[in-house]
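This short report is meant for a reader who is looking at the structure for the first time. Please have the sequence and the model in view while reading.

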Amino acid sequence: MAFSEQGKVWMNGALVAWKDATVHVAAHALHYGTGIFEGIRAYETRNGSAIYRLPEHMRRLYDSCRVYRMEPRWSVDEMTAAVVETVRANGFPSCYIRPLVYRGLEQLGLDPRPCPVDATIIVWEWSAMFGAEGLEKGIDVGVSSWTRLAPNTLPAMAKASANYANSALIKMQASLDGYGEAIALDESGMVSEGSGQNLFLVRDQVVYTPAISSSILQGITRDSVIVMARDLGYEVRETPIPREFLYMADEAFFCGTAVEVTPVRSIDRITIGSGQRGPVTAAIQQQFFGIIKGDVPDTHHWLTPVPAPVSR
Ligand code: PPE
């Protein structure tokens, strides 16, 4: 991935030049992780650029803010319009969108409430996280020795910047151990999720994914996968999953905005199924990529069109 220095950033209500989108070093969020963010993608469909599941992402942003007693100065509708406007202003036919609401500059100290609730939206071009090869062949993953956020510590359902310190530990360990990604367990040892993606398993044609009681982020792609799998006629179970079930799965795959739908071909060096992308994973990928390209009808209204880009 690379940032475009020619780009525009939405900051507290206005589009500013990329180089001017700066924050003071005494901003609260920089010290204490008091930010809430989203990750959204815009895709180049057959009928122009469109943002994937924008209302659901914006709802989660505001839900997360509520947990942390943060009230953005913009309504959901205003922020939603700002996302569309930022994508349009940057002119990328497809891109990754990162809205961030954070406690800004006023004072340091653990109670963030005196600090302003600032907001920004940046966009950049971010193609398939594990490349075309990852999407086709799958990735090798390990179970992390780091546990996912325990209940009543950092709320996993809120997409808070602070949670991603745990993700960074998981991701660094995975990478240093030679894995593409890791699966973290929850506090009770049940399967939770990856550092920044949800996990699905398939066994005997039934699709399984950890329940929200397993310290997961309730992913929007996860929701899409559940809907698409059911549309395709598969039974889907959201349930607590013991670690050993991982190794017995016929298929495994990750899903999330960044990873899209990425097969997992081994876990802790144990081959999953045949070690190739499985048929259920392939069917779900076909639906997902079909919808975002505009080749499969968007029957669930997951795409928000972006007006034609402004000339730069
Ligand atoms: N779990 C976690 C912990 C998570 O961060 C994400 C998104 C998901 C599940 C999937 O959620 P959704 O995108 O709504 O389907 N992680 C974002 C950030 C990843 C990153 O590498 O940065 C993302 O995928 O955009």
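## Basis of the model

This is a predicted model, in which local features need pLDDT of at least 70 and side-chain atom pairs count only at pLDDT 80 or more, while totals for chains, interfaces and linings use all residues. Residues are numbered from 1 along each chain as its sequence is written, and side-chain values use heavy atoms, with hydrogens and water left out.

## The ligand and its shell

The shell around the ligand holds 22 residues, each having a heavy atom within 4 Å of the ligand, and Tyr96, Tyr164, Glu193, Thr221 and Thr257 come nearest. Because domain 1 (8-124) and domain 2 (131-293) both give residues to this shell, the ligand lies between them; the domain bounds come from an automatic or database domain assignment.

Among the polar contacts (pairs of N or O atoms within 3.5 Å), an oxygen atom of the ligand lies 2.9 Å from a polar backbone atom of Ala258, and a nitrogen atom of the ligand is 3.2 Å from a backbone N or O atom of Gly196. The protein buries 91% of the 550 Å² that the ligand exposes when taken alone, with areas from the Shrake-Rupley method and a 1.4 Å probe.

## Helix α8

Helix α8 (residues 279-293) has 15 residues, which at 1.5 Å a residue should span 21 Å, and this agrees with its end C-alpha atoms, which are 21 Å apart; the expected span is 1.5 Å times one less than the number of residues. Helices are DSSP runs (H or I, at least four residues) numbered from the N terminus.

Its buried residues (under 20% relative accessible area, 1.4 Å probe, protein chains only) include Val280, Ile284 and Phe288. Just after α8, Gly294 takes a positive phi of about 85°.

Note on methods:
Polar contact = N/O pair within 3.5 Å; in protein donor to acceptor, adjacent residues only side chain to side chain. Helix = DSSP H or I, 4+ residues; strand = E, 2+ residues; numbered from the N terminus. Buried < 20%, exposed > 50% of the residue type's maximum accessible area, 1.4 Å probe, protein only.
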